[in-house]
Amino acid sequence: MAIVTMVFLLPRAMPGDPLSALEDPDAGYFITDPEVRQRVLSYYGLDGPLHEQYLHYVGSLATGDLGWSVARNTPVAGLIAGHLPWTLLLVGLALGLSASVSYGAGIVAAWNRGRLPDRVVLVALTGLRGVPEYALAALLLITLAVLVPLFPLFGAYTPFAEYESLWSQVSDIAFHLALPLLALTLSLVGTKFLLVRNTAISALGEDYMQLARAKGLPLRRQQFHHVGRNALLPFLTVMALQVGTAVGGSIFVESVFAYPGMGVLILDAVEARDYPVLEAVFLALAVTVLVANFLIELVYRRLDPRVGAQ
Amino acid sequence: MGVAVVGTVVAVAVFGGWAAPYRPTELIGQPLQSPSGTHVLGTNGVGQDLASQLVSGARVSLTVAALAGGGTVIIGALVGMLAGWLGGFVDAAAMRVVDFVLAIPRLPLLIVLGAYAGPSIGVISAAIALTFWPSSARVVRSQVLSLRRRSHVKAAMGFGAETAYVLRRHLLPEVGLILVAGLVSSAGRAVMLEAGLAFLGLGDPSRASWGQIMRDSLEFSGVFYTTAWVWWLIPPLAAITVLLLGITFLGVGLEQRINPRLGRHIVGGKS
């Protein structure tokens with residue numbers, strides 16, 4: 001609800017209104033006819049007082065009406081339906097992949113702390129945290145798509161391709177996904193790795209670890225069952241925070257690879273000053289992130305009964 | 001090492017005009033010239049001197065680092081100290097706002113803010129500060145909460161010291177160290193975000209920033225069919241990466257100095 005209100009108020013708090021962008025002769029979509037202007041105003045409910053506008057906005061949202069794209073002259077809901085799945089695919093896989101890599105690597109590094117491989121990985125991933133997603137993406141683009149043309153330069157699938165089978169379609173999509181996914185995953189690994197490593201190290205000194213060692217439990221079981229369990233809760237907390245970061249990062253990555261997700265949609269909307277699209281995209285992304293956070297919260301409660309007891 | 005890198009970039013921004021004598025927006029030659037004596041890094045697709053643009057980009061990045069990084073830390077410190085010190089309703093309300101801003105996707109919010117407010121370095125810095133203060137507010141608050149309970153602060157209060165005195169004398173020095181570390185990391189993030197926004201086409205078009213140069217080069221159709229990207233795309237990419245790495249390592253160094261226990265963990269041997 002707070003997000004809906006914010007999305008509603010933000011454009012109205014800023015100078016100008018959606019129609020002044022339409023009146024700008026440079027914009028290319030401008031309206032000169034005052035009668036048309038009035039019709040558009042009343043269509044968007046912009047001629048009433050603020051609280052009526054708000055009720056109108058919330059009311060149409062409730063019926064699933066996200067509005068109408070000014071620049072493309074299509075319903076916004078359709079645009080989002082075409083773009084959101086690509087972003088969900090990219091962000092979901094990147095979060096999952098980076099989670100498993102950083103979790104495993106963090107525990108193994110903590111186990112072998114201070115030795116050479118740990119130090120190398122530590123410095124590399126600390127550094128990686130400082131490299132922006134667009135730089136990673138551009139570097140991957142240059143090395144693996146230009147210098148060594150292993151992967152396609154842009155897009156999510158081969159345009160106009162006719163697939164012989166479902167398999168060839170899936171592999172085409174996976175092929176196009178590889179570089180954007182790699183860029184986004186790499187940008188997400190660092191923070192989680194450092195966290196897992198640190199919590200695992202502090203768990204190593206605990207008494208129950210001595211016991212586990214004394215019992216002669218298998219190494220893997222010691223590592224992942226005893227140490228890993230300790231790192232799990234803070235890890236989930238960071239995961240929840242990272243969902244937003246990942247969605248943000250996907251905008252950069254999509255822009256470099258012209259991947260047809262929400263990022264590209266939001267950028268086109270900015271360029272065209274297509275405010276209804278901009279608002280709806282932001283709303284959709286915010287809802288996605290909140291739902292993901294809620295899911296992580298559910299897992300969290302299951303794993304830590306203390307949270308539920310409060 | 002971090003200090004050296006950041007220092008070099010500052011030096012380039014200040015004295016760089018000497019090595020790159022053109023105005024960054026000036027059309028001074030043929031498009032897509034290879035690096036030569038007159039144009040150290042060659043020219044871009046419309047014939048602007050790339051070395052001069054790179055120096056201008058350093059200035060943009062450092063300005064935004066100072067404005068947005070400083071803004072983030074100041075708002076965060078004010079909210080964090082107030083919430084931690086006053087507690088109660090103020091604290092609860094402030095923390096709900098923090099949770100909310102942390103949970104929503106901040107980059108899209110920044111883009112929406114930027115789109116409505118228009119591109120200029122001041123606006124972009126303000127927008128970054130307004131979307132990214134919550135994390136530093138949270139850190140400051142937890143530090144103030146733990147300080148409040150410590151005996152020397154309690155003793156000072158017990159002796160009837162005024163609140164302002166306790167805040168200044170006992171809280172500020174300890175929170176101050178955290179703020180310095182916070183400033184370094186938010187400055188880094190601000191540099192990254194400004195370049196990112198410019199890269200996405202939301203930057204100040206009247207100034208050549210590193211993100212803007214990268215965007216121009218990638219938007220130039222067929223840039224990968226010539227060798228131009230070597231001197232057009234790579235230098236700003238390298239510059240931003242090196243600056244951010246410098247800031248990151250500066251931050252890690254500072255954190256270890258502020259919190260020596262952390263350092264022991266990272267270096268720590270086998271126990």
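How much area is buried between chain A and chain B, and what share of it do carbon and sulfur atoms give? About 4200 Å², with 77% from carbon and sulfur atoms; buried area here is the accessible area (1.4 Å probe) that two parts lose on being put together, summed over both.

A word on the source. This is a predicted model, where local features need pLDDT of at least 70 and side-chain atom pairs count only at pLDDT 80 or more, while totals for chains, interfaces and linings use all residues. Residues are numbered from 1 along each chain as its sequence is written, chains are lettered from A in the order in which they are written, and side-chain values use heavy atoms, without hydrogens and water.

Now chain A. It has 13 helices and zero strands, taking helices as DSSP runs of H or I with at least four residues and strands as E runs of at least two. Of its 310 residues, 46% are buried, meaning under 20% relative accessible area with a 1.4 Å probe, protein chains only.

Back to the interface. Chain A puts in 52 residues and chain B 44, with contact meaning heavy atoms within 4.5 Å. Helices that give two or more residues to chain A's side include α8 (166-204), α10 (219-257) and α12 (275-303). By class, that side has 35 nonpolar, nine polar and eight charged residues. Nonpolar covers Ala, Val, Leu, Ile, Met, Phe, Trp, Tyr, Cys and Pro; charged covers Asp, Glu, Lys and Arg; the others, Gly among them, are polar.

Definitions and conventions:
Buried means under 20% relative accessible area, exposed over 50%, partly exposed in between (1.4 Å probe, protein chains only).
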